[in-house]
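Please have the sequence and the coordinates open while reading.

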Amino acid sequence: MRIIRLLSQDTYRLRSTMANPAPSPPRRITRSSLARFAYVNGKASLSTSASSPDIEDVIPNTASTSAASRKRKRATTTTASVATTKTAATTTPSPPPRKPRKIKPEKEEEPDDEPKKPAPPPKRQRKPARPTTDPATGHTTITPPSDWEAVYAAVQRMRLPGGAAYPAAVDTMGCERLADRGASARDQRFQTLVALMLSSQTKDTVNAAAMRNLQTRLGGAPPGLNLENMLAVSPADLDALIRAVGFHNNKTRYLKRAAELLRDEWAGDIPPTVDGLVSLPGVGPKMAHLCMSAAWGRTEGIGVDVHVHRITNLWRWHRTRDPEGTRAALESWLPREKWREINGLLVGLGQTVCLPGPGSRGRCGECEVGLEGLCPAADRAKVAEGRRRREEEKGVKAEIEVGEEEEGKEGLAMKVEVEDKVLVKKEEEE
Ligand code: SF4
């Protein structure tokens, strides 16, 4: 009965469809719907179960099954063949199977148009001062250090106003500048000599204070620093006036003895030669050369103090043991016109940037010599930091300049606008 009813329902649906040919969405004929009309044991049967499985689920996938079985078969065959091989190996040993060779992947060639990395800059060759003999004449000359001009120029820039090594104490309180310019020429020369004799092992600031004491308090009326007052003062009073300087006891004795020699052997003036100056107690070659330049205006040698000796050795211009060795080395190649100024340049550098002392106390990050890669003794970390800071400062400066330019344009535009308005107003009034 149920089958008959279902058939009649389908017949009714067929008839109504034929009677009403209005387009309707085509029904999808699936295998599940067809399965309802399946033959069972030679008879047509109509399944009505809603949960009947799709034909694809019922019919096994022969293709995949056969593939799987093939795989299984192959696996079995392989196992079997291995087993066979194993069995054979027991009877006839065969060489072990070769390992498969690894094939290295070929490197891909870079296209030609790809930008290549910039080649590193060639390393700077730094050579110290060295003797060179002319094979033709046999004459030996000293070749200067390879980079001395670049180093010298960098220091000169630093010692200009606005530079990292300006101002230095030596610029205002150096021995050359301590003589009273109101005194006579003879007294000025004497004062220069006294300043130099007090300066050893003493800072310029302390030396300048001691000189000021002598110039204002030495002698009677009027007080002043001259040969006569130096001869008249007692050693105790003189010592009290210069107590701040290093080794003041020795210096008191030297000053008193030198004053007597000047009176007795040099006609009351200072000696006009280096030899004469070094014959005085407490006066060495450095003082003598500086005194010749400052007091007599004649440069006969380089005044090498601890700063000049230390810094030129840091630059590896030479390897010398003491200031006298440095003086001889420098005088062998440094142009003569620089003999006087080099002392002030390097003393100022040593007082401000290339500070002496244990370890690396130098301000290498602010030193042009270090920043330009010219100093073999530079602290690399400080130099790198200094270069980074300089780049940042350059960037900020460029931004400010651009900003100012833009402001200028805006200002100009506003001005033009205002002027236009004024003109229009004038025309309207007319
Ligand atoms: S780089 Fe450093 S060590 Fe070299 S001169 Fe400058 S401050 Fe002195």
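## Loop, fold and ligand shell

Arg316 is placed in the loop between H14 and H15. The model is a predicted one, and its chain holds 18 helices and four strands.

**Arg316 and helix H14**

- Arg316 follows H14 and has a positive phi; the value is near 60°, in a residue other than glycine.
- H14 itself spans residues 306-314, and its buried residues are His307, Val308, His309, Ile311 and Thr312.
- The cover over these buried residues of H14 includes helix H15 (323-331) and helix H16 (341-352).

**Other backbone features in loops**

- Most residues other than glycine have a negative phi, and most peptide bonds are trans.
- Gln201 has a positive phi near 60° and is not a glycine.
- The loop that holds Gln201 runs between helix H7 (185-199) and helix H8 (204-217).
- Gln201 has 11 other C-beta atoms within 10 Å, and therefore counts as exposed, for which the limit is 12 or fewer.
- Tyr166 and Pro167 are joined by a cis peptide bond with omega at about -5°.
- Pro167 sits in the loop between helix H5 (148-158) and helix H6 (169-173).

- Strand S3 (residues 130-133) and strand S4 (residues 140-143) run antiparallel and are joined by four bridges.
- Thr133 is placed opposite Thr140 in S4.
- Six residues lie between the two strands of this hairpin, where Gly138 adopts a positive phi near 80°.

**The ligand shell and Gly370**

- The residues around the ligand are Leu314, Val353, Cys354, Gly362, Arg363, Cys364, Cys367, Val369, Gly370, Cys375, Ala377 and Ala378.
- Sorted by class, this shell has nine nonpolar residues, two polar and one charged.
- Gly370, a member of the shell, belongs to helix H17 (residues 368-371).
- Gly370 is buried because 25 other C-beta atoms lie within 10 Å, and 20 or more are required.
- Apart from neighbours within four places in sequence, the contacts of Gly370 are Cys364, Cys375, Ala378 and Val383.
- Val383 is 13 residues from Gly370 along the chain, and their C-alpha atoms are 6.3 Å apart.

**Whole chain and confidence**

- The chain has 430 residues, of which 26% count as buried.
- Of the contacts in the chain with a separation of 6 or more, 52% are between residues 24 or more positions apart.
- The average pLDDT of the chain is 80, and 64% of the residues score at least 70.
- Over residues 44-69 pLDDT stays under 50, and the model has 24 contacts beyond four places in sequence for them.
- Where pLDDT is low, the predicted coordinates should not be read in detail.

Note on methods:
Residues numbered from 1 in each chain as written. Predicted model: local features only at pLDDT ≥ 70, side-chain atom pairs only at ≥ 80, totals over all residues. Near = placed C-beta within 6 Å. Nonpolar A, V, L, I, M, F, W, Y, C, P; charged D, E, K, R; others polar. pLDDT = per-residue confidence, 0-100. Contact = placed C-beta atoms within 7 Å. Pairing = 2+ DSSP bridges.
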